Amino acid sequence: MTAEKPVLSVVACGAGPAAEIGALVKQALDRGWTVQVIATPSALPFLDPAELEQLTGAPLRSQYSTPGAPRSRVPDAILVAPATFNTINQWALGLSGTYALGVLAEQTGMGIPVVAIPFVSDALASRPPFRRSISALRAEGVSVLLGPGAIVPHPARTEDDHLAGFPWQLALDELSAMTGLCE
């Protein structure tokens with residue numbers, strides 16, 4: 001009998017790097033994770049559900065299941081990327097108006113390793129509500145990869161110039177360090 005692979009829930013938000021979430025999924029699969037993708041409603045236009053289902057063997061989730069429908073597996077770790085200004089602020093407040101936020105609200109602080117990679121402009125990142133949200137999430141044990149050695153906010157209105165090279169690998173390395181899994 002073989003042990004089951006650990007489960008990684010990837011929460012994709014509506015920002016440019018989400019169009020390349022397949023690259024993250026492939027890297028996570030190569031490291032030994034079982035991956036399930038959860039999308040905020042704003043992320044859906046960026047994603048290719050058929051490609052993600054083919055890669056993961058599971059449907060892309062963006063809504064709560066109806067009674068009796070198959071449910072997502074309980075994850076061993078969660079990666080939120082690209083994490084947007086809105087998602088970070090709503091998550092930090094404990095709001096759960098979408099399936100993705102509901103998962104984050106329920107799992108944060110429950111002992112499951114969570115890593116977030118924001119994709120925000122310097123104008124948004126400088127706002128006091130955002131800074132408070134980052135502090136609140138970190139206080140709950142979320143590893144937010146923002147700042148030197150991680151991702152640095154881009155100048156406002158230049159997001160298209162900063163899509164290449166999104167640090168998926170950095171997030172997976174952080175998860176491995178936090179969990180000891182899938183190194």
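Phe85 is buried, and Phe130 is buried too; "buried" means under 20% relative accessible area, "exposed" means over 50%, and "partly exposed" is in between, using a 1.4 Å probe and protein chains only. This is a predicted model, so local features need pLDDT of at least 70 and side-chain atom pairs count only at pLDDT 80 or more, while totals for chains, interfaces and linings use all residues. Residues are numbered from 1 along each chain as its sequence is written, and side-chain values use heavy atoms, with hydrogens and water left out.

**Rings that meet**

The structure holds four aromatic pairs. Rings of Phe, Tyr and Trp (its six-membered ring) pair if their centres lie within 6.5 Å; planes under 30 degrees apart are called stacked, over 60 edge-to-face, and the rest tilted. Here are two of the pairs:

| Pair | Centre distance | Plane angle | Type |
|---|---|---|---|
| Phe85 and Phe130 | 5.8 Å | 15 degrees | stacked |
| Phe119 and Phe166 | 6.0 Å | 70 degrees | edge-to-face |

Phe85 sits in helix 3 and Phe130 in helix 6, 45 residues apart, so this pair links distant parts of the chain. Helices (H or I, at least four residues) and strands (E, at least two) are DSSP runs, numbered from the N terminus.

**A look at helix 6**

Helix 6 covers residues 128–139, and its end C-alpha atoms are 16 Å apart, in agreement with the 16 Å that its 12 residues should span at 1.5 Å a residue. That expected span is 1.5 Å times one less than the number of residues. Which residues of helix 6 are buried? They are Phe130, Ser133, Ile134 and Leu137. Seen down the helix axis, they fall within an arc of 100 degrees, so they line one face of helix 6; the arc is that of the directions from the axis to the C-beta atoms. On the other side, Arg132 and Ala139 are exposed. The buried residues pack against helix 3 (85–92), strand 4 (114–118), helix 5 (122–125) and strand 5 (143–144), where contact means heavy atoms within 4.5 Å.

Five of them form an open, parallel sheet in the order 2-1-3-4-5; two strands pair if DSSP finds at least two bridges between them. Strand 2 (34–39) and strand 5 stand at the edges with a single partner strand each, so one side of each has no neighbour in the sheet. Strands 4 and 5 pair in the parallel sense over two bridges, and Val115 has Ser143 in strand 5 as its bridge partner.
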